[in-house]
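Here are a few notes to read alongside the model. Keep the 3D view open and find each residue as you go.

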Amino acid sequence: MRPDVVVAGAGPAGWAVAHACAARGLRTVLVSPRPSAGWPATYGMWVDEAALLPAGAGYVVARARVVGARSRWLAREYAVLDNVSVRAALAHPEVSVLAGRLVDGTVQLADGGTIDAPAVIDATGAARAGAPEPPDGRDGGLASDDAAGSGPPGGRSGGLAGDGATGSGPPDGRDSGPARGRDRSPAGGGGVAGRRPGWVEQTAFGVLVPAEVAAPLVGPGEAVFMDWRQPLPGPATFLYAVPLPDGRVLLEETSLARRPGLPFADLRERLLARLATHGIDPGDAEVERVRFPVDPGPPAKTRGSRAPAGCPAPTRSRGAPLMPVYRSAPTEPGVARGLWTTSGREWRVVPFGAAAGIGHPATGYSVADSLRLAPLVADALVEGGPPAARRAVWSWRARAVHRLRRAGLHALLALGPAQTQEFFDLFFGLPADQQRAYLSGREDLAGTVAAMAGLFRAAPWSLRRVLARHSIHSA
C-alpha cells in the first residue's frame, strides 16, 4: 500500500516526526541507509524543555555553570539525553522502517527500488557541502537527523539543536599521543575535502573520561556549559563538560562559530593544554569530533522562472510542464536546502530539523525545536499537505527571530577572544527570562529583541560599536 508520508533520516528529528505522523493515522515509512544504527552523538537540552520528550525517554540532569571573568550558576538545569531510551520512546509500531536514502527528492531503497508518497520529509541533517557526511555532535542542535551518516545534526541541545549531537565530522588528521582512543564519529573519520570556506561552522574535539578523572573540572551532578578561559593564545574556544548517562563525563573544547571551522588538531591541542592545567590526563580516552554549519537558515523560497544560483535547473520530459527540483543540499551560506518552484507549484519534500536550517545560528541547537515542531508538522500534513507543513516549520515569527539571531552570530564572528568572553559574561548576566527567550524562544520575537537590546545596553561602548556595525551589516 502506498504510504502517506516517507521520512528520510533516523536521528531524533526523523523519528520524532515519523512518530507524530503515525500517531495521527498517516501511513508512515522511515528510510535511512542504516536504520538500525545507534545514535553516536551526545544530545542535550534544557531541563525545562524535557517535557517535549515522549514518555519513557531518559536523561541525566546537571546543574550548569558558565565561566568567564567570573563563574556563575545558571538558573536553568541542563539535561543530557539517554539515546537508547529516547530512541525507544520515539519508535512507533505503525512506522515501517526500510533501508534507503533521499536523493534530490527521490526516495531510493537499498534493494534498488524507489518508494513514492504524497509527502516526503527530509530529516537527514545539515550537510555542509552538498555531500553526505556523518552526523555531528551535540544538541540542541544542530539535530541530525540521520544517525546513519547522512549529515550532521545541529549541535548540542535544544536546538544545538535543541537538536544537536556530538561525534560528527571527520578528523583533520590522525590523532597521536594522549586522547587517541576510539573515535565515535559514525563513519570512522575521513577527509575534509567537502569543507567550504564560506560556511560558518561549529567544531569541537572531546574526550569521554571516568567521572573521577573529570572531578577537578566538574563535580557530581554538575556541568560546565561554557568556560571561556583560554588555555592557549589564538582564537576563542570554550570548554563544554557534561555528565553522560553511562557515568562518564564528556570534556570538549569547542569553537562556537568560525569561518571556516577551527581544525580538530588545534582543538585537540587546546583541550589537552586546558586539561593539563587541572592535572587531568585523559590517557587513551574515547574521542568525539563535531563539525556542522551554524548559519544555514530557512530553505530558499523563490518564485517565477528564475532559479537561484547553484540550484539544479528544472527539466522537461516529452512536453511535460517544467517541474520543481528539490535541492538536496545547501549551495551557499545562509540558505538551507530548499526548493525551486515554477508557476507557483510546490514540491512534495518538506525539509525538517537540521535539514530545514532550524539550528540556532549562535549555538547550533535544534533537537528540542525538532521535538516541538514534529506534532505541528504532522498536523499540517493532515490538514494541508507539504505546503502547509513547510509553513509550520518556518512561520513568519520564526523567520524574523532567525534573522535577528543570525545578526548576532555575525557580530560574534567579529569579536576577539577578550571581547568574546566579555560578550558571554554580559549575556549570562541578563535576566533568566531573556536568556531563555534568546536561547530557546524560536518564535519569541519580543523576547529575542529584549535580550539583544538588554545586552547592548549593558555593553561598554567599545563592544557596542562592534555589535552595531556587524549586526547592521548582516541584516
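1. Let's begin with Asp246: at 48% relative accessibility, it is partly exposed (buried means under 20% relative accessible area, exposed over 50%, partly exposed in between, with a 1.4 Å probe and protein chains only). Before going on, know that this is a predicted model, where local features need pLDDT of at least 70, side-chain atom pairs count only at pLDDT 80 or more, and totals for chains, interfaces and linings use all residues. Residues are numbered from 1 along each chain as its sequence is written, and side-chain values use heavy atoms, leaving out hydrogens and water.

2. Which residue forms a salt bridge with Asp246? Look at Arg248: the closest N and O atoms of the two are 2.9 Å apart. A salt bridge here is a side-chain nitrogen of Lys or Arg within 4 Å of a carboxyl oxygen of Asp or Glu. Arg248 is partly exposed too, with a relative accessible area of 23%.

3. Arg248 also forms a salt bridge with Glu286, and there the closest N and O atoms are 2.8 Å apart. This pair ties together distant parts of the chain, 38 residues apart: Arg248 sits in strand S15 (residues 248-258) and Glu286 in strand S16 (residues 286-293). Strands (E, at least two residues) and helices (H or I, at least four) are DSSP runs, numbered from the N terminus. Is Glu286 buried or exposed? Its relative accessibility is 9%, so Glu286 counts as buried.

4. Salt bridges with shared partners join Asp227, Arg229, Glu253 and Arg274 into one network. Another pair to find is Asp379 and Arg24, whose side chains meet at 2.5 Å, N to O. Asp379 is partly exposed at 30%, and Arg24 is partly exposed at 33%.

5. On to the nonpolar cores, each a set of buried Ala, Val, Leu, Ile, Met, Phe, Trp, Tyr and Cys residues joined through side-chain atoms within 4.5 Å. The largest has 48 residues, and Ile121 and Phe352 touch the most other members. Elements that each supply at least two of its residues include strand S1 (5-8), helix H1 (12-23) and helix H5 (367-393). H5 gives the largest share, 13 residues.

6. Finally, another core lies apart from that one, with 38 residues, among them Val66, Ala223, Val242 and Phe427.
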